[in-house]
Amino acid sequence: MTAVGVPAPPTVPRAVHDAAVAELVAQYRAVPAGERVRLGKKTSNLFRFGAGPAQARRLDTTPFTGVIEVDPVTRTAQVQGMATYEHLVDVTLAHGLMPLVVPQLKTITLGGAVTGLGIESTSFRHGLPHESVREMDVLLPGGDLVTVTPDGEHADLFAGFANSYATLGYALRLVIDLQPVATHVRLEHRRVPTGELAAVIREACASDADFVDGVVFTRDEQYLTLGYFTDDPGPVSDYTGQQVFYRSVRERTVDYLTVHDYLWRWDTDWFWCSAALGAQHPLVRRIWPGRLRRSDVYRRIVALDRRTRFSGRVRTLLRQPQEEPVIQDVEIPVDRLPEFLDAFQRDVGIEPVWLCPLRLRGRSTWPLYPMAADELYVNVGFWSTVPEIPGDPEGHNRRVEELVAELGGHKSLYSTVHYDEPEFWEHYNGPAYRLLKERYDPDGRLPDLYSKVTGRT
Ligand SMILES: Cc1cc2nc3c(=O)[nH]c(=O)nc-3n(C[C@H](O)[C@H](O)[C@H](O)COP(=O)(O)OP(=O)(O)OC[C@H]3O[C@@H](n4cnc5c(N)ncnc54)[C@H](O)[C@@H]3O)c2cc1C
C-alpha cells in the first residue's frame, strides 16, 4: 500500500520494452515504401470520424501501453507511448505522485496528449503535457529510432512534435516530470459576475490554488472552481454513482474529492455530454452499469451513430433540420475571453462551455502551436450540435475559426478542421513544419499535417 492507499499496478521491465521496440521497428521497416501505416490503438479521443486512409497498415501498439518506471527521487516517470493516463495515474498515485497535467479523459494516452496537445486545471501553472517531457524515443518515418531532448541533436523535433499528430514519427518511450499529491482536493466553486470573468480568472491564476477551471452555464451564470490539495478533508463526495459532477458546481460552494476522483471528475459524464445519450436520466442512470459510465464508452456510441448516420436518417424521416456537430477546444487570450463568449453565444449558441486557463510553463515556445510565452490564455471547450445553417453545413465551425483568428487565439486539431490550406499554414507555422518534414520525413512516408487533420489525404 502506498501514499494514497492503493496498491501499485505492475510496471513493464525495460528489457521487455526494448524487445517490443525491436519488434515494432522490424514490423515498420517491413512495410513497403508506398503503403500507408497508422497506429493500431484500441481507443481514440479524436473527433474526426472517417478521416484517415482506409487502406493503411495498422501497427500493433498493445505492447506499448505500460509504465516502465517511476522514480520518486527525481520525480519522473518513464512511460511507454500508448499508456493511457488512467493507467499512468494509477501507477504514479501509488507513489504519492501525479503527472503535472492529467487530461480529463481516462483513455487519452501520453503520446496522444503530447503530439495532439492536452490540457487540464493545472495548466495555468504547468502548461501543457508536452512541456513536462524530458526526453522521448521517437520512431522516425524512415524507420530509425532516435532519442530527442529539449537541447540535443534533435531539439527541433522535440519542439515540433507538439501538435504534429503523428506526422513526424511515433513516440514509443517518454520521460516526464511528476509532482507530489495530497490524498484529497478541496474544491471551491465561486459564482463570477459576468463583467468580472477575465479579472477573476487572472486573480485565481496568481493565487496559491493547485487547480483552476470553470463552467459557463449561461452568459449570466458562470463559475470558477479553485482546487487545493489537502490531507485533511471534510465529508467526501462521490460523482461516480447517481450524482453528476457538473451539477454540483452550481449547487455547492465547497466540496471534497479524493485526488483520484478529482482527476477523473469530468470523465464519468464526459463533462456533461453523457446527457445526450440519456445517461443522466435518473432511471437510465440506475440501470447503466457504473463501470460503463466512462468517456470511451460514450465516444464509441457516438462513433457508431456517425458511422451509420443513424440520427441523421431519423431527422430526415421526421423532416427535421440536420445538425452540425461543433466539437472544439480553443485558446483565447484572457482579456479577449468576454468578446469570444458574447460572439460565440450569439452566433453558435452552445451551453454549457468549459473554461480552463493555461500559460506556457517556461520560456520555450512550440513552433507548430505558436502560443506566446507569458500570455494567460483560457481554453474554451464546447461539444454539442446545433441546427445546420441552410446551405452552409460547416457554417458554425467556420465562425469559430474566424473568431479565434480575430481574437489572437488558437484552435486544437483533435476535431474537424475547416481552414483552407493557405489559412491553415498561416496559423500553424507552415515554414517551420516544412523544415521538419524535409529533415525527418523526406520521402513522405507519413501524411502531411493539413491532409491528416482535414481528412483530405
Ligand atoms: C469531447 C472531447 C473533449 C476533449 N477534452 C479534452 C480536455 O479537456 N483535455 C485534454 O487534454 N484533451 C481533450 N481532448 C483532446 C484529446 O486530448 C486529444 O484528442 C488527444 O490527442 C487524444 O489523445 P489519444 O491518446 O486519445 O490519441 P488518439 O486519439 O489515439 O490520437 C490522437 C493523435 O495522436 C497520434 N498519436 C497517438 N499516440 C501517439 C504517439 N505515441 N506518438 C505519436 N503520435 C501519436 C495519433 O496518430 C493521432 O493523430 C478532448 C477531445 C474530445 C473529443
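This is a predicted model: local features need pLDDT of at least 70, side-chain atom pairs count only at pLDDT 80 or more; totals for chains, interfaces and linings use all residues.
1. Setting aside residues up to four places away in sequence, Glu375 touches Pro333, Leu358 and Arg359. Take Pro333: 42 residues separate it from Glu375 in sequence, while their C-alpha atoms are 6.9 Å apart in space.

2. Now step back to the whole chain. The protein chain contains 16 helices and 16 strands. Its radius of gyration is 22 Å, close to the 23 Å that the globule rule gives for 457 residues, so the chain is as compact as a globular protein of that length. Along the principal axes, the C-alpha trace spans about 60 × 55 × 45 Å.

3. How much of the chain is buried? Of the 457 residues, 56% are buried. The accessible surface of the protein chain is about 19200 Å², and carbon and sulfur atoms account for 52% of that surface. Contacts tell us about the fold too: among those between residues at least 6 apart in sequence, 71% join residues at least 24 apart.

4. A word on charges. The protein chain carries 50 positive and 60 negative side chains. The centres of these two sets lie 6 Å apart.

5. Next, the aromatic rings. The whole structure holds 27 aromatic pairs. In one of them, the ring centres of Phe340 and Phe382 are 6.3 Å apart and the planes meet at 25°, so this pair is stacked. Phe340 belongs to helix α12 (residues 337-347) and Phe382 to strand β15 (residues 377-387), so to speak of sequence, they are 42 residues apart and the pair links distant parts of the chain.

6. Phe382 has another partner to look at. The rings of Phe344 and Phe382 have centres 4.3 Å apart and planes at 40°, so this pair is tilted. Here again distant parts of the chain are linked, with Phe344 in helix α12 and Phe382 in strand β15, 38 residues apart. For Phe382 the relative accessibility is 0%.

7. The buried residues of α12 are Leu337, Phe340, Leu341, Ala343, Phe344 and Gln345. Just after this helix, Gly349 takes a positive phi of about 80°. Pro352 lies in the loop between α12 and β14.

8. Ala166 has a positive phi of about 60°, although it is not a glycine. You will find Ala166 in the loop between α5 (155-160) and β8 (170-180). With 12% relative accessibility, Ala166 counts as buried.

9. Trp270 makes a second case to check. Its phi is near 50°, a positive value in a residue other than glycine. Trp270 is placed in the loop between α8 (259-263) and α9 (282-287). The relative accessible area of Trp270 is 11%, and buried means under 20%, so Trp270 is buried.

10. Which residues form an aromatic cluster? One cluster is made up of Phe217, Tyr223, Tyr239, Phe245, Tyr246, Trp266, Phe271, Trp272, Trp354 and Trp383.

11. Finally, have a look at Asn397, which is found in helix α13 (residues 395-406). At 3% relative accessibility, Asn397 counts as buried. Leaving out neighbours within four places in sequence, Asn397 is in contact with Glu324, Pro325, Val326, Gln328, Thr416 and His418.

How values were computed. Residues are numbered from 1 along each chain as its sequence is written. Side-chain values use heavy atoms; hydrogens and water are left out. Helices (H or I, at least four residues) and strands (E, at least two) are DSSP runs, numbered from the N terminus. The radius of gyration is taken over C-alpha atoms; the globule rule is 2.2 Å times the number of residues to the power 0.38. Buried means under 20% relative accessible area, exposed over 50%, partly exposed in between (1.4 Å probe, protein chains only). Contact means heavy atoms within 4.5 Å. Accessible areas come from the Shrake-Rupley method with a 1.4 Å probe; for residues, only the protein chains shown count as cover. Lys and Arg count as positive and Asp and Glu as negative; His and the chain ends are not counted. The place of a charge is taken as NZ of Lys, CZ of Arg, CG of Asp or CD of Glu. Rings of Phe, Tyr and Trp (its six-membered ring) pair if their centres lie within 6.5 Å; planes under 30 degrees apart count as stacked, over 60 as edge-to-face and the rest as tilted.
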